[in-house]
Amino acid sequence: AAAEETGLVSGIPVLCGASDAVASMYALGLSRPGEAGESSGTSSLLFCCHTEATDPYLPVVAKPSSIAGVPYVFDAPISASGASLKWFLDLMGFEEKKTAKKMGINVYDYLNLKAMQSPAGSNGLFYFPYLLGERAPLWNNHAKGMFIGMSMSTSRQDLIRSVFEGTAYAIRHVFSVMKETGAPITSLRVTGGGAKSRTWSMIKAAMLNVPVYVMDEKAGDVPFGDVLIAGHGVGIFPNLEETMAELVQAQEIIMPNAKWAKAYDKLFPMYVDMYKHLDVDLFKLNSMAGE
């Protein structure tokens, strides 16, 4: 009767699918506690393996996982990572576009070069990447994008580096909530468009003080993750962890710069506190704008 109703051949395997976020996580090859990942694009999806369930009322929640070595996994989105770089270029990046064209290089490659001309901490400048409000771990739509700390000595390279750093502070903010539940974070796998920026990966390595694994192009790809899930379900990949280790490879491992890491350890608490101090006022501002 079921075959007649569905048109499927009797005995065909039927598998439970997954969201694009979960499929992306499989395609990152995360299979051990301590491994974290970022699918970096216009927005970013952050993942972290964990061994325990968490309080469902936390701003970031660990969900059951079907990966044998990882009974639970966090998945958490931040709204405007790559979007912040595009916003900067569209609004203020005329000089960068002009110079990059003259040099015959991609404008994002030029941004990488400019960011490296500013020190860790962007000479006291903070960027808050809340152009679309924020999802994890704030979960509000009244957060706003902000530059805080500008002075007459602020340079364009400070502005550029602060955008890279601000999105990395946002990533650390999410992972800090995960770590409060006891989840270890010993490495970060990065994939997607943002993984093409070595400068950004260097900043993330120092911001989290862990190695960043820059993955190959198929890593994090949702259809590839679907193949892994389906292949495991029908027995083609009986040991999914071994298959992921074999098929998902890093192109480069970037170790944290100790001097940068020390600077970010001092500055990160200020990043979090500055937003907390402004939260009520930003809520009022958002309410006034909606009147």
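Tutor: Two residues are in contact here when they have heavy atoms within 4.5 Å. The structure under discussion is a predicted model.

Student: How are α6 and α10 oriented relative to each other?

Tutor: The axes of α6 and α10 cross at roughly 75°. Angles of 65 to 115 degrees count as roughly perpendicular. The orientation of α6 to α10 is therefore roughly perpendicular.

Student: How many nonpolar, polar and charged residues does the contact of α6 with α10 have?

Tutor: The residues that meet include R161 and E165 from α6, and W260 and L267 from α10. Sorted by class, the contact of α6 with α10 has 8 nonpolar, 3 polar and 4 charged residues.

Student: Over which ring does the charged end of R161 sit?

Tutor: R161 belongs to the α6 side of the contact with α10. Its charged end lies 4.2 Å from the centre of a ring. That ring is the one of W260.

Student: How are the rings of F128 and Y271 arranged?

Tutor: A search of the whole structure finds 12 aromatic pairs. In the pair of F128 and Y271, the ring centres are 4.6 Å apart and the planes stand at 5°. Planes under 30 degrees apart meet the criterion, so the pair of F128 and Y271 is stacked.

Student: How many residues apart in the chain are F128 and Y271?

Tutor: F128 is in strand β5, residues 126-128, whereas Y271 is in helix α10. Both residues are buried: the relative accessible area is 0% for F128 and 0% for Y271. The pair links distant parts of the chain, and the separation in residues is 143.

Student: What is the arrangement of the rings of Y130 and Y275?

Tutor: Y130 lies in the loop between β5 and β6 and Y275 in helix α10, so the pair ties together parts that are 145 residues apart in sequence. Y130 and Y275 are buried. Their ring centres are 5.4 Å apart with the planes at 80°; because planes over 60 degrees apart meet the criterion, the arrangement of Y130 and Y275 is edge-to-face.

Student: Which residues do ring pairs link into a cluster?

Tutor: Two of the ring pairs have been described, that of F128 with Y271 and that of Y130 with Y275. Ring pairs join these residues with others into a cluster. Its members are F126, F128, Y130, Y169, Y264, F268, Y271 and Y275.

Student: Is S40 buried or exposed?

Tutor: S40 lies in strand β1, residues 34-40. Among the residues that S40 touches are V190, T191, W200 and K204; the charged end of K204 sits over the ring of W200, 4.2 Å from its centre. Because the relative accessibility of S40 is 2%, this serine counts as buried.

Student: How are α2 and α8 oriented to each other?

Tutor: Helix α2, residues 20-27, and helix α8, residues 222-233, have axes 7 Å apart and pack at an angle of about 80°. D20, A23, S24, Y26 and A27 of α2 meet V222, F224, G225, D226, L228 and I229 of α8. The contact has 7 nonpolar, 2 polar and 2 charged residues. From the angle it follows that α2 and α8 are therefore roughly perpendicular.

Student: What is the relative accessible area of N209?

Tutor: Phi of N209 is also positive, near 55°. N209 is placed in the loop between α7 and β8. This residue is partly exposed, with a relative accessible area of 47%.

Definitions and conventions. Residues are numbered from 1 along each chain as its sequence is written. This is a predicted model: local features need pLDDT of at least 70, side-chain atom pairs count only at pLDDT 80 or more; totals for chains, interfaces and linings use all residues. Side-chain values use heavy atoms; hydrogens and water are left out. Axes are lines fitted to C-alpha atoms, for helices over the stretch in contact, and angles run from 0 to 180 degrees between N-to-C directions. Helices (H or I, at least four residues) and strands (E, at least two) are DSSP runs, numbered from the N terminus. Angles under 35 degrees count as roughly parallel, over 145 as roughly antiparallel, 65 to 115 as roughly perpendicular and the rest as oblique. Ala, Val, Leu, Ile, Met, Phe, Trp, Tyr, Cys and Pro count as nonpolar, Asp, Glu, Lys and Arg as charged, and the others, Gly among them, as polar. Rings of Phe, Tyr and Trp (its six-membered ring) pair if their centres lie within 6.5 Å; planes under 30 degrees apart count as stacked, over 60 as edge-to-face and the rest as tilted. Buried means under 20% relative accessible area, exposed over 50%, partly exposed in between (1.4 Å probe, protein chains only). A charge sits over a ring if NZ of Lys or CZ of Arg is within 6 Å of the ring centre and within 35 degrees of the ring normal. Lists of a residue's contacts leave out its neighbours within four places in sequence.
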